[in-house]
Amino acid sequence: MKTINVVAAILQDGNKIYATQRGYGKFKGFWEFPGGKIDEGECAYEALHRELLEELKIKIDIDSLFCTLDYDYDDFHLHMQCFLCTIKEGTPVLVEHQNALWLDAANLDSVTWLPADISIIEKLKTYLTEGK
């Protein structure tokens, strides 16, 4: 099975997290953390900066690695590194997504997350409410 290496930004503003709704592909309408594929020759940090500039027209500060996860979809294996980030410059502009929301811990379950992202939600709720 093919492995796809991706990065995702868990964008924070206080106790809220930025979620984006896919506007394309097989999982159109599902919610995710913005990010994307790591190109050949890129490190995770470079890919995340590039993807957020392309997808949301923002510059970010990467604070720390939140988690790494592996998930098997029907036709590929996903290896995803998720980083806690803040917006350094700009206001998000939806280039590839159809919607976006700032969600607090109580509202993280209010959207339909991509299957791989679901495993992060409980850990994220704990982080937002307890700071762990």
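**Close-up views of a predicted model**

**Figure 1. Lining of the largest pocket.** The largest pocket is lined by 25 residues, and those nearest its centre are Val6, Arg22, Glu32, Leu78 and Leu114. The model shown here and in the other figures is predicted. Two or more lining residues come from each of these elements: strand E1 (3-13), strand E4 (35-37), helix H1 (44-56), strand E6 (77-89) and H2. Of these, E1 gives the most, with 4 residues. The space in the largest pocket is about 490 Å³. Sorted by class, the lining has 14 nonpolar, 9 charged and 2 polar residues.

**Figure 2. The ring pair of Phe66 and Tyr127.** The structure holds 8 aromatic pairs. In one of them, Phe66 and Tyr127 have their ring centres 5.6 Å apart and their planes at 75°. The pair is edge-to-face, because planes over 60 degrees apart are counted that way. Phe66 belongs to strand E5 (residues 59-72) and Tyr127 to helix H2 (residues 115-130), so the pair ties together parts that are 61 residues apart in sequence. Phe66 has a relative accessible area of 10% and is buried, because buried means under 20%.

**Figure 3. A lysine over the ring of Phe66.** Phe66, shown in the previous figure as a partner of Tyr127, also has Lys123 over its face. Lys123 is placed at 5.0 Å from the ring centre.

**Figure 4. The ring pair of Tyr71 and Tyr73.** A pair of aromatic rings is described by the distance of the centres and the angle of the planes. For Tyr71 and Tyr73, the distance is 4.8 Å and the angle is 65°, so this pair is edge-to-face. Tyr71 is partly exposed, with a relative accessible area of 30%. Tyr73 counts as buried, at 11% relative accessibility.

**Figure 5. The aromatic cluster around these tyrosines.** Tyr71 and Tyr73 are members of one aromatic cluster.

Figure 6. An unreviewed UniProt entry places the feature "domain: Nudix hydrolase" at residues 1-128. In the predicted model, the end C-alpha atoms of residues 1-128 lie 35 Å apart.

How values were computed:
Residues numbered from 1 in each chain as written. Predicted model: local features only at pLDDT ≥ 70, side-chain atom pairs only at ≥ 80, totals over all residues. Heavy atoms only, no water. UniProt positions renumbered as here; feature names shortened; annotations may be inferred. Phe/Tyr/Trp six-rings, centres within 6.5 Å; stacked < 30°, edge-to-face > 60°. Buried < 20%, exposed > 50% of the residue type's maximum accessible area, 1.4 Å probe, protein only. Lys NZ or Arg CZ within 6 Å of the ring centre and 35° of its normal. 1 Å grid on protein atoms, 1.4 Å probe; cavity = no way out; pocket = protein on both sides within 12 Å on 5 of 7 lines; lining within 4 Å. Points joined across faces, edges and corners; volume = space filled by probe spheres on them. Nonpolar A, V, L, I, M, F, W, Y, C, P; charged D, E, K, R; others polar.
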